[in-house]
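Dear colleague,

I am handing over the structure below, and my notes on it follow. Please read them with the model open beside you.

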Amino acid sequence: MEDKNKYYEMSEYQVVKANELIQKSRFNLSTLQQKIVLFLISKVKPTDEEFKRYEFSIYDFCQVCGIEPKGENYPAIRRAIKDISDKSMWLDLQDEDGTETLIRWIHKPSFKRNSGTITLQLDEDLKPYLL
């Protein structure tokens with residue numbers, strides 16, 4: 001019962017993004033990729049001044065996101081993280097000269113095979129939109 005309460009509490013974390021990030025960026029993420037990004041953003045606290053490296057188990061991620069924590073889902077999650085890492089998006093900062101900046105969601109992801117643990121950090125360029 002305690003685990004269910006923990007996962008319910010984690011699923012209630014809020015995700016806060018600046019309107020500019022939503023309106024001025026162009027990106028296309030699968031449902032699983034969106035869950036990973038939103039799960040990661042939910043770890044950011046309103047008092048944070050820098051992005052931290054967040055380590056979490058794939059099992060916990062699955063429990064919070066309503067994904068069956070089966071062995072075959074682990075490679076799919078790992079692939080989704082790689083795909084997120086490889087994806088970039090143009091963010092229109094509406095500079096006077098019309099400059100758009102290419103940014104990524106996550107920076108240097110790592111995966112510990114023996115423990116089923118993932119470590120992720122949001123890309124620094126997202127700080128103005130998420131902190």
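Phenylalanine 56 has isoleucine 118 of β6 as its bridge partner, and β2 and β6 pair in the antiparallel sense over four bridges (two strands pair if DSSP finds at least two bridges between them; helices, H or I of at least four residues, and strands, E of at least two, are DSSP runs numbered from the N terminus). The model is a predicted one, in which local features need pLDDT of at least 70 and side-chain atom pairs count only at pLDDT 80 or more, while totals for chains, interfaces and linings use all residues. Residues are numbered from 1 along each chain as its sequence is written, and side-chain values use heavy atoms, with hydrogens and water left out.

Together the strands make an open sheet of three, in the order β2-β6-β5 with antiparallel pairing, and its edge strands are β2 (54-57) and β5, each of which pairs on one side only.

As for helix α5, its buried residues (under 20% relative accessible area, with exposed being over 50% and partly exposed in between, for a 1.4 Å probe and protein chains only) are Asn73, Ile77, Ala80, Ile81, Ile84 and Ser85. The face turned away from that buried side carries the exposed residues Arg79 and Lys82.

Best wishes
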